[in-house]
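Have a look at the sequence and the fold before reading on.

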Amino acid sequence: MKASLKDNAVDFSFVFPAVLIFSIFYIYPFFYSFILSLTNYDLIGNFDFKKYYVGFRNFQDIFSDRDWWKSMYNGAFITFWALTFQNILALILALAVDKVIRLKKFYRVVFFILPVLSEIIIGLLMRQFLISEPVGRDVFNHLLTNVGLGAMAQEWLSGDKVRLVTALVHCWKGFGWAFVIFLAGLQSIPEQLYEAARIDGANAWRTFCKVTVPLLMPVITLILVLTILGTMQAFAMILALTKGAGGETTVPVMIIYFHLGNRFAGLACAEGLILGIILVAVSFTMFFISKKVREKYGVLPD
Amino acid sequence: MRFKKVLFFLTAIVVLVLSACSQKPAEDEKNEIVIWHWMTDRQTAFKELAKKYEEQTGVKIGFKLIFPPDIYSQKVIAAARAETLPDIFGILGEKRTLGSFIRAGYIVNLNSYMEANQEEWKERFYPQTLKLLAFPKDSHYDVPPGIYGVPIDTTIMQFVYNRSLFKEAGLVPDKYPETFKEFIAYTQTVKEKTKVNGFVCGWGEGWLLNCLATEWAINLMGEDKFFKTIKGEVPYTDKEWIEVFSLFSKLKDEGILVSNIATMTNKESESAFSRGKAVFSFNGSWAVNVYKQLSPDLDYAFFPLPKVSSRFPVKTWGGAGSSFMVSAKSSRKEEAIKFLNWFTSEEQQKFLIRETNNFPAIKGCEEYLPQNLKSSINVFSSLTHPDVWPYSEDSRVIEVLNKGLQQIVMDLKTPQEVALEIQRKKEKISRK
């Protein structure tokens, strides 16, 4: 039976608010950003495309801008640590909590406190924790000294280690949400599969490799993609923690923010688009790789 | 029936969205002059003055505080585009921004008002302060000549030292270091005798590094050569520029900088200095109010830049303070200008000095200045600021310079490497 125009209109009405909001706040800004990226408009006064048009000059500038690519490197460095250290830690903790251990609910809450806190608060808190007087409280170095590792005490946010410390603070803040998603994924794996594996004589490691990982692959992909998107766009925590540390922890969004603040709107939009395109490309690559892995393990539905 | 309900629902959503996009500002409907500003420390004083003005004239004034400053700036730009600017507002940032606002027709030219009654209003101000808001004929900002803003205070960037620590270290508290060499020697003496750090500053905020580097550069190479660098005629890799960058390297090598200075905010630096955690700092005249709030008994004094050369005179970064502009789109322009005239009269300025401890924008209030600021009057004749220079450096070059200086004090780069990076950026931008 063919649906009438009236029925279609009624159906469409349910998605209309979402379409409207998406169009106003996502589609329109995206195209407007692209138009702005072709200009040197300074955001003040009426926008006259012909007057401000510079073609693809902003994109050319970005490709030869060492500061931009250094910020991309910084972002990629922090992302690498988030993808590996943060997510492996989250998976280990999720596996531990998923098994029947005491105070399981307590740990779930505790691990999720950090992602709930504001990035600025985490940045400022860790700044107090990691740096010495006169600004910080040097808590970490005091802890090291008290456990007999005083020789390791140092200025954690200076010199060439500032990038690594920033990455680790980012991981510390972010592992909680990965933990929650991993835990949800683990709990969706049917218990019978583990029982069958045990009956077949599989040890814990083999069960993990042959049952847990393949069935967790959609969740792993989701976490990897969200980690890449979230970390490459990280900004507030890093700003509060190090202020960019002379470019050592300057990430792409900081550069975009700086250019917007100085009214190089076209350049900032071009940078935003390049960052967006790179992130979309990486995300699709991740989904593609995930699909191939799932095909290999035979867990992809036909 | 169901279709009608759905249609009603859709219409309601569209009406709601369109009404949210309405351009009519709420303030416009009230009978008051609306002023937007970002100065948290002055809101109470401003409100008191607004009350006083209303009592005297019957005109209501609404001071609206928007904070932090970068959010304030974004709001002003957005309001300008939406044509919802308040009657009076301030513009933060470079003179280039003010120029853009003028070219777009958002700001009233106050020249005729300033020059009325034998220039009575204009004559009140320190010329250095007013110059920052004035555009001469044929300026490189490409705007009609005139005065486009009303300064309400003045900021001067200077070194500051802790007199108590000087006494404790056996130094004469009234004798400050006049040269860079003396500065290092004094710092080391205090450090040896009191174990207190040498120098603290919010160098995580690059502009403070830029102020200091500019002052030393002008002292070392003179204004002519400095401007030639901005014009692109002298490279940043010139040996005198490398000498300027090396001063920061020297400060690091001598161990007189507090730890983590390259990531420190000015608020953190002010807090450290007020707690006696460093003997020297570099800060603006607003610090008088900050130190008073943080540590009322702090014994300190400002002093001019420690010279690195005697070939050229020392110039002090300053003149620019807070200022207000009148919106050209305001329906109450005349009332707004009258209020600003009243606001910058001697009585009101004295009140602001008393309440906020800031340096005034007008002459004749010197005796009311806080004790710590009185010596700053001596540097008034040697003030300098990018907004009054004949040429302005691109902010992207300044950003590379600031980051480079941070890397020098973090021991990540040499002055030569930093000079090369700045010059590379400068050439790239100049080629366009």
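What percentage of the 432 residues in chain B do buried residues make up? They come to 44%, where a residue is called buried if 20 or more other C-beta atoms lie within 10 Å of its own, exposed if 12 or fewer, and partly exposed in between, with C-beta atoms placed from the backbone.

Some housekeeping. This is a predicted model: local features need pLDDT of at least 70, side-chain atom pairs count only at pLDDT 80 or more, and totals for chains, interfaces and linings use all residues. Residues are numbered from 1 along each chain as its sequence is written, while chains are lettered from A and ligands numbered from 1 in the order in which they are written.

**Chain B overall**

Chain B's secondary structure amounts to 17 helices and 15 strands; helices (H or I, at least four residues) and strands (E, at least two) are DSSP runs, numbered from the N terminus. Its radius of gyration is 24 Å, close to the 22 Å that the globule rule gives for 432 residues, so chain B is as compact as a globular protein of that length. That radius is taken over C-alpha atoms, and the rule is 2.2 Å times the number of residues to the power 0.38. Along the principal axes, the C-alpha atoms of chain B fill a box of roughly 85 × 50 × 50 Å.

**A covered strand**

Now zoom in on strand β10 (residues 278-284) of chain B, where seven of seven residues are buried.

| Strand of chain B | Sense | Bridges to β10(B) | Facing residues |
|---|---|---|---|
| β8 (residues 157-162) | antiparallel | five | B:Phe159 and B:Phe282 |
| β9 (residues 197-200) | parallel | three | B:Phe199 and B:Phe280 |

**Where the chains touch**

Over at the interface, 32 residues of chain A are in contact with 39 residues of chain B, contact being C-beta atoms, placed from the backbone, within 7 Å. On the chain A side, α1 (5-37) and α12 (252-261) are the elements that give two or more residues. The largest share, seven residues, comes from α1(A). That side of chain A divides into 13 nonpolar, ten polar and nine charged residues. Nonpolar here covers Ala, Val, Leu, Ile, Met, Phe, Trp, Tyr, Cys and Pro, charged covers Asp, Glu, Lys and Arg, and the others, Gly among them, are polar.

**An open helix**

Finally, helix α9 (residues 191-199) of chain A lies largely in the open, because zero of its nine residues are buried. Just after α9(A), A:Gly201 takes a positive phi of about 90°.

Technical notes:
Contact = placed C-beta atoms within 7 Å. Pairing = 2+ DSSP bridges.
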